There are 4 protein chains.
Amino acid sequence: MIKAAIVGSTGYAGEELTRILLQHPEVEISHVTSHSFTDQRYDGVYHNFNKRFDNICEEENIEKLANNSDVIFIALPHGIASSKITKEILNKAKIIDIGADFRLKDKNIYEEWYKTGHESPELLEESVYGLCEWKRNEIKNARLIANPGCFTTCSILSLSPLVKENLIDLNSIIIDAKSGVTGAGRTLDIGTHFTECNETTKAYKIASHRHTPEIEQELGTLAGQKIQISFTPHLIPMQRGILATCYANLKDSSVTYAEIKEVYRKYYENEYFIRLTEKGVFPETKWVRNSNYCDIGFAIDRRTNRIIIVGAIDNLIKGAAGQAIQNMNIIFGIDEKTGLENIPISL
Amino acid sequence: MIKAAIVGSTGYAGEELTRILLQHPEVEISHVTSHSFTDQRYDGVYHNFNKRFDNICEEENIEKLANNSDVIFIALPHGIASSKITKEILNKAKIIDIGADFRLKDKNIYEEWYKTGHESPELLEESVYGLCEWKRNEIKNARLIANPGCFTTCSILSLSPLVKENLIDLNSIIIDAKSGVTGAGRTLDIGTHFTECNETTKAYKIASHRHTPEIEQELGTLAGQKIQISFTPHLIPMQRGILATCYANLKDSSVTYAEIKEVYRKYYENEYFIRLTEKGVFPETKWVRNSNYCDIGFAIDRRTNRIIIVGAIDNLIKGAAGQAIQNMNIIFGIDEKTGLENIPISL
Amino acid sequence: MIKAAIVGSTGYAGEELTRILLQHPEVEISHVTSHSFTDQRYDGVYHNFNKRFDNICEEENIEKLANNSDVIFIALPHGIASSKITKEILNKAKIIDIGADFRLKDKNIYEEWYKTGHESPELLEESVYGLCEWKRNEIKNARLIANPGCFTTCSILSLSPLVKENLIDLNSIIIDAKSGVTGAGRTLDIGTHFTECNETTKAYKIASHRHTPEIEQELGTLAGQKIQISFTPHLIPMQRGILATCYANLKDSSVTYAEIKEVYRKYYENEYFIRLTEKGVFPETKWVRNSNYCDIGFAIDRRTNRIIIVGAIDNLIKGAAGQAIQNMNIIFGIDEKTGLENIPISL
Amino acid sequence: MIKAAIVGSTGYAGEELTRILLQHPEVEISHVTSHSFTDQRYDGVYHNFNKRFDNICEEENIEKLANNSDVIFIALPHGIASSKITKEILNKAKIIDIGADFRLKDKNIYEEWYKTGHESPELLEESVYGLCEWKRNEIKNARLIANPGCFTTCSILSLSPLVKENLIDLNSIIIDAKSGVTGAGRTLDIGTHFTECNETTKAYKIASHRHTPEIEQELGTLAGQKIQISFTPHLIPMQRGILATCYANLKDSSVTYAEIKEVYRKYYENEYFIRLTEKGVFPETKWVRNSNYCDIGFAIDRRTNRIIIVGAIDNLIKGAAGQAIQNMNIIFGIDEKTGLENIPISL
């Protein structure tokens, strides 16, 4: 059994980690920590765990956790994980960081977008960006995983085959993303007060959202050149789900739907967690809800010579806890889909 | 492996049956039928099943199903199941009817509330009302299960211990229930058009809802006398969940919270799918969502000498597909919770 | 023009007061105060007011307001208004308190339910409970109005004719109420965080909600005797609206629907803001949304000899700001419906 | 008083026309027609009209309406209005068509996108595209108004100043739009069944939505050249509102925010119904809900040299009934904002 600790277990990503890991056949939860609910029973915070998990939330102590665990999941706001993790910790336990600290390889880009210094830049080279479908080999041997952001997972998976195969104008990429409110987390804020975000839609952090450089880094690596994109997130009055509507100009105006579909198949046909929709059918967030799937569909607009790609994930699962566990499965050499195979719940 | 057929598989209860049975370790789905989607792929109707279940929906043929299956789940509007099922069918396969045809033991009461004749009254005596926690022994040997209604499951489970132990005035029972919109099914109707039922709440079928005699029958059996209750359902703008707020006058004004809690424990302490909330904590539908649990809590109002009991279930699971599968597990002698153990998904 | 000040103008009741009063043909807003947004522009807090109202939110100073205003609306948490208002203030300006401080005539009952002392019990006798349809004559000459609570308005209007005419067993009254989330106000709380109250329903403050003694006081006055009721509020994932489902035993089992309808007509036929639904039709919150109407319908359950009455209001309008303005209209001798006549917006 | 008839009065645009016109000080409703509810009381269909409007819905008879009315609003699916309207009708009454029949000036483009013949192409030249802020002079003398589509109103108002002033690359325009569910109307459809569109988001009619050529026509006219855009609508689980997130490449990478703001002010500063948000503030649909306002904000993304413009309207008001009435006001020479001045209701 893999002994897993969850730091920040009472946030939404933490709750999903706890829920999925409790039902994972190869895992035993060693510790759950929570700053807000220290010394309280877990099922007193989340009553859905009644009769299932009454462990006490501990104050976080990374060394103690590392001594007792094979893997530590960290689900904390950015800036904290990087102040806790050291090479000594990594010698004891694998770290899967759901936060943003180790995603950007360039410390300067991190500091520019996050407006804060980086606490452990010496670990940036070692850390592996845990986008499982594209980094599997690196993940296998990693000690420190930077679990991708929710918007980034959906955006990169949707665009990667096109970028990799040089099918689109790299300067033309626009990603218009829509997220359910769990994406904003459990911290109280007027913007996520029910009566303020129900029955309305808004764009936010236009041209400034921190997932932008993350998408650019990964697509840039695939392209072999620097890429700059436009990324606009929107808040949608629903619990879960990310829909990324991606636009790009086609390099070759005569490329067919079938040819592009073949490119997607090349990369994703054998990927359990990626499902390509049929021609004329597009992803909806409900079809992936409560699952680790990423659904991808596209259309070609001949009039404008653009391709429109739509990707959908569950932000808390493939966009956070599920992908983190997928990373764990890869690292520990067990079947990648273990604990993550449930059929989406669309109702 | 138990070979299971699902009749009416593309309605909401049918979809949940399909989803849960596909993931049930002891079950193999033999057939799915659908009148509306005959000859279409299941995952073309419900895209959440992409890459998981591409069987073709068949036209229903009860004999063919019975020949190839150990159990047939029937999820159809009332009046149809009773016209299909015969003793010969029951000799071949167990029948678990999600609909209402076999719930009321008295044909006259059925005909009075459902405003239609009963097609197979000769089966009423044999049929077993499949409220698992209270009818387990009868279920074990049943060939024909009448799976309880969603409101009734929640209401009866909440009130039974009090009725059984003669703690409340039987003439004083009022059940004010709230249901998510999946309870109304997939059939198009102006009342469940998004823009007509979103952002509003209403009572419906006041003093005339068909779950009323079902509750009265079962509580009456426990009480050993005829009972008449008031039952008022309300439609709530959410997907899933039933909350039943039940009111009754206490017979003994000096009875304590602890004493009543002890009565609930007597009946439910060992019931896996029933969870009693702690004093001062009450069920919410989210805490049982996507699970087979029924959560129950109560308060005593000393001023009025009333007890207020709150029960919560997921209407599609404990109120339909989940309880049906729980019945199947009991009948086939496997662990009652098989395939139904997932932790609720509250987010 | 009536000069009106709004204290607590950036809470939800305050916002509705501001919105309606700005469009009231006989009113000029003299001041808006806000503790949280002092010195900020009103349309910077509520962008719906862009180009319509850019006044600066002031720190509250009751004497200054009284000197410059004919009427002061106070929309603050309980306990504050009673500490500010004095007979000198009342000599200068009429006070309409949206809060709870002056609703309960018995200081002891206030202190028992609100768990705090009362700051100005000497004003309790003078204050008038501003339930317009039942207190119009007292309101006309009032200086201090205790604007009724949202649940209480809906509940009392629904039950008063039956109580007044002695048609129901006074010990049998149960009110099961459902409220949209604006009823909980704008203060951040985990219970009204979008992702915590969306897609779920719960009862709260069972047998302990503070609107209980208010309903009992008013119904008791009509009955000429002490009344104790059961009142259970529920939180519904929608913005606005209260639905009160009320249950009571009929004294005379032979009373007809028509006879009871006649009683309702006797009291409400000429009331502009009360609408009785036709037989078989029941109120829904959407039919009164964004209006000052209270819709009332009922059914008789012959089997149990109960009457079920359903009332619906918009909690922010008839349940708060609208009724407050209706009170103002009465006090200042202008047409009671001025500024409040808009047709409900059901979509 | 202007005598106004409403054809298709029980659809959602029709209901909003009825609601607003009933409260319009210069209008008297002459007829309401409804195919689905012929001979039924209007307040029996929409209970929010109880005690306010009990007229009987008539079968549509355009000649009769024209004889008794100064203006006829037509809110029907495309293809019907054009089969009813003739020059004789136009001699008798002004026609404001909420539908799509007269919006596209080029019959061929209409037939290509709507896949049907045009019934009265001879009226296309006379008809005026009723985008009030840009066509006021033509509207004044029009007999036949083609009221703009909801998405088009929001998109064109957001982009027009930039196109008119030649600030953006016309080949680079992408409009990613989000709509509430009332935009899909009252006709029952599985896609707008509550449980199918609640808690999910999807794109639809990608690269094929019929509002595309309408936007292209109007922006093309302003640009003086043919324009082709990408337009993708999305369905959002809320009642009302359209948010259009528009992307375009700036021609001059050195243009400042202030310079572009000045361009918007040039066209919109004196427009009552257009509100420009402050720098860093972006429109949300709630801020315009239940009003005729269009809010517009923008950001410049220096990294990609793109401008991102966000526009918001209430789809049923500025996107349908409100703008239709604004057109009526202009035609009849009364203050353009009459009946449309209410402050948005954000809660």
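Visitor: Where in chain B does B:Glu269 lie?
Guide: The model is a predicted one. In chain B, helix H11 covers 257-268 and strand E11 covers 274-276. B:Glu269 lies in the loop between H11 and E11.

Visitor: What separation do the C-alpha atoms of B:Glu269 and B:Leu123 have?
Guide: Along the chain, B:Glu269 and B:Leu123 are 146 residues apart.

Visitor: Which loop of chain B holds B:Glu199, a residue with positive phi?
Guide: Most residues other than glycine have a negative phi. B:Glu199 is not a glycine, yet its phi is about 55°. Its place is in the loop between helix H9 (194-197) and strand E8 (202-203) of chain B.

Visitor: Does B:Glu199 count as buried or exposed, and why?
Guide: The threshold for buried is 20 or more other C-beta atoms within 10 Å. B:Glu199 has 25 C-beta neighbours inside 10 Å, so B:Glu199 counts as buried.

Visitor: What phi does D:Asn305 have, and in which loop?
Guide: D:Asn305 is in the loop between strand E12 (294-301) and strand E13 (306-313) of chain D. D:Asn305 is not a glycine, but its phi is positive. The value is about 60°.

Visitor: How do the axes of H7(B) and H12(B) cross: roughly parallel or oblique?
Guide: In chain B, the axes of helix H7 (residues 132-140) and helix H12 (residues 317-331) come within 9 Å and cross at roughly 40°.

Visitor: Is the crossing of H7(B) and H12(B) left-handed or right-handed, and which residues of H7(B) meet H12(B)?
Guide: H7(B) passes H12(B) in a right-handed crossing. On the H12(B) side are B:Gln323, B:Gln326, B:Asn327, B:Ile330 and B:Ile331. The residues of H7(B) that meet them are B:Cys132, B:Arg136, B:Ile139 and B:Lys140.

Visitor: How many residues of each class make up the contact of H7(B) with H12(B)?
Guide: Among those in contact are B:Ile139 and B:Gln323. By class, the contact has 2 charged, 3 polar and 4 nonpolar residues.

Visitor: What partner in E2(C) does C:Ile6 have?
Guide: Strand E1 (residues 2-7) of chain C pairs with E2(C) in the parallel sense, over 6 bridges. E2 (residues 27-33) is mostly covered, with 6 of its 7 residues buried. The bridge partner of C:Ile6 is C:Val32.

Visitor: How many residues of chain A are in contact with chain D, and which elements give two or more?
Guide: The contact involves 35 residues of chain A and 35 residues of chain D. On the chain A side, the elements giving two or more residues are strands E7 (174-179), E8 (202-203), E9 (230-235), E10 (242-249), E12 (294-301) and E13 (306-313).

Visitor: Which classes make up the side of chain A that touches chain D?
Guide: That side has 9 charged and 12 polar residues. The nonpolar residues there number 14.

Key. Residues numbered from 1 in each chain as written. Chains lettered and ligands numbered in written order. Predicted model: local features only at pLDDT ≥ 70, side-chain atom pairs only at ≥ 80, totals over all residues. Contact = placed C-beta atoms within 7 Å. Helix = DSSP H or I, 4+ residues; strand = E, 2+ residues; numbered from the N terminus. Nonpolar A, V, L, I, M, F, W, Y, C, P; charged D, E, K, R; others polar. Axes fitted to C-alpha atoms, helices over the stretch in contact; angles between N-to-C directions. Left-handed = near helix turned anticlockwise from the far one by under 90°. Buried ≥ 20, exposed ≤ 12 C-beta atoms within 10 Å, placed from the backbone. Pairing = 2+ DSSP bridges.
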